[in-house]
Amino acid sequence: MTGIAESRNSAWNSFEGKHPGLAKWLYQIFYFLIFSAGVTVFQYLVFTFMPGILGEELAGMEFMWPQIPVKLLGVEFNWSLLGYQVLKDAAGAIRIGGGLGYFISYETGSFLAQCINFPLQRNITFKSHGNVVYQAVWYLAAWVVISLVCNGCNNLWMPIAAAYVSPAVYNILVTGITGGVSMVIFFFVFKIIFPGND
């Protein structure tokens, strides 16, 4: 086993010596994807289980801004940039997975994931020694903008998905869309706010 590790390290060191720029990008992309996948799983767990913990009262409390009426694929709903529509079953009973409860769960999961992601990406992936306050402020600003974009996108299709699939299934979609959009944008944000030591 030690021989395999030494051979792999030797091959990587040789590649890094010949192609330092490409090696740096590959290293960063590899660790970026590993850490991003980990926090995406964490977000999914929060999105799935926290609404149930918060209960029906918050799930039944509408919190949306702005409320723009939309009809899409035969489903009528209110689109919003912030918040989520209250979900109800065919009998009109409140379902867990919408309303203020889901909004709190979404933002909590997303924010906590960023609290985990920021130091990992800064210290391991990008090995940055820049001003941490400056970097954290820009990271927070990027997270707010990305969250608004993802909320707006999610609020276009989530009411339709909620009409046809269980919350656990559409949470996979929410996580995938949020994680996918965030990963692409955040990688380039990190390249800017975490300058290398070149």
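Student: Let's start with Leu 22. Is Leu 22 buried, exposed or partly exposed?
Tutor: Leu 22 counts as partly exposed, because its relative accessibility is 46%, and the cut-offs are under 20% for buried and over 50% for exposed. Keep in mind that this is a predicted model.

Student: Which helix is Leu 22 in?
Tutor: Leu 22 is found in helix α2.

Student: And how far apart are the C-alpha atoms of Leu 22 and Val 181?
Tutor: They are separated by 24 Å, and the two residues are 159 residues apart along the chain.

Student: Where is confidence lowest, and where is it highest?
Tutor: Helix α1, residues 2-18, has the lowest confidence, with a mean of 80. The highest is in α3, at 93.

Student: Let me zoom out. How many helices and strands are there?
Tutor: The protein chain has five helices and six strands. Reading from the N terminus, the order is α-α-β-β-β-β-β-β-α-α-α.

Student: What size of box do the C-alpha atoms fill?
Tutor: Roughly 65 × 40 × 30 Å, taken along the principal axes.

Student: How much of the chain is buried?
Tutor: Of its 198 residues, 37% count as buried. The accessible surface comes to about 10800 Å², and 72% of that belongs to carbon and sulfur atoms.

Student: What about contacts between residues at least 6 apart in sequence: what share joins residues at least 24 apart?
Tutor: That share is 70%.

Student: On to the inside. Which residues touch the most other members of the largest nonpolar core?
Tutor: That core has 28 residues, and the ones touching the most other members are Tyr 102, Tyr 106, Met 158, Tyr 170, Val 174, Phe 186 and Phe 190. The elements giving two or more residues to this core are α2 (20-59), α3 (99-125), α4 (132-164) and α5 (167-193).

Student: Which element gives the most?
Tutor: That's α4, with nine residues.

Student: You listed Phe 190. What does Phe 190 touch?
Tutor: Leaving out residues up to four places away in sequence, Phe 190 touches Phe 32, Asn 117, Gln 121, Phe 126 and Tyr 139.

Student: Can we look at another Phe? What is Phe 118 in contact with?
Tutor: Setting aside neighbours within four places in sequence, Phe 118 is in contact with Val 132, Gln 135, Ala 136, Tyr 139 and Phe 194. Phe 118 lies in helix α3.

Student: Why does Phe 118 count as buried?
Tutor: Because its relative accessible area is 13%, and buried means under 20%.

Student: Then Ser 110: buried or exposed?
Tutor: Ser 110 counts as buried, at 3% relative accessibility. Ser 110 also lies in helix α3, and beyond residues up to four places away in sequence, Ser 110 touches Gln 43, Phe 47, Trp 143 and Ser 147.

Student: Changing topic: which residues form the nonpolar patch on the surface?
Tutor: The patch is made of Trp 25, Ile 29, Leu 33, Val 184, Ile 185 and Phe 188, with about 540 Å² of accessible area together. Helices α2 and α5 each supply at least two of the patch residues.

Student: Where does Phe 188 sit?
Tutor: Phe 188 lies in helix α5. Phe 188 counts as partly exposed because its relative accessibility is 47%.

Student: Now the backbone. Which peptide bond is cis?
Tutor: The one from Trp 65 to Pro 66 is cis, with omega near -20 degrees. Pro 66 lies in the loop between β1 (63-65) and β2 (68-72).

Student: Why point that out?
Tutor: Because most peptide bonds are trans, and most residues other than glycine have a negative phi.

Definitions and conventions
Residues are numbered from 1 along each chain as its sequence is written. This is a predicted model: local features need pLDDT of at least 70, side-chain atom pairs count only at pLDDT 80 or more; totals for chains, interfaces and linings use all residues. Side-chain values use heavy atoms; hydrogens and water are left out. A nonpolar core is a set of buried Ala, Val, Leu, Ile, Met, Phe, Trp, Tyr and Cys residues joined through side-chain atoms within 4.5 Å. Buried means under 20% relative accessible area, exposed over 50%, partly exposed in between (1.4 Å probe, protein chains only). Helices (H or I, at least four residues) and strands (E, at least two) are DSSP runs, numbered from the N terminus. Contact means heavy atoms within 4.5 Å. Patches are made of residues with over 30% relative accessible area and no salt bridge: like charges are joined within 9 Å, nonpolar side chains (Val, Leu, Ile, Met, Phe, Trp, Tyr) within 5 Å. Accessible areas come from the Shrake-Rupley method with a 1.4 Å probe; for residues, only the protein chains shown count as cover. A salt bridge is a side-chain nitrogen of Lys or Arg within 4 Å of a carboxyl oxygen of Asp or Glu. pLDDT is the predictor's confidence in each residue, from 0 to 100.
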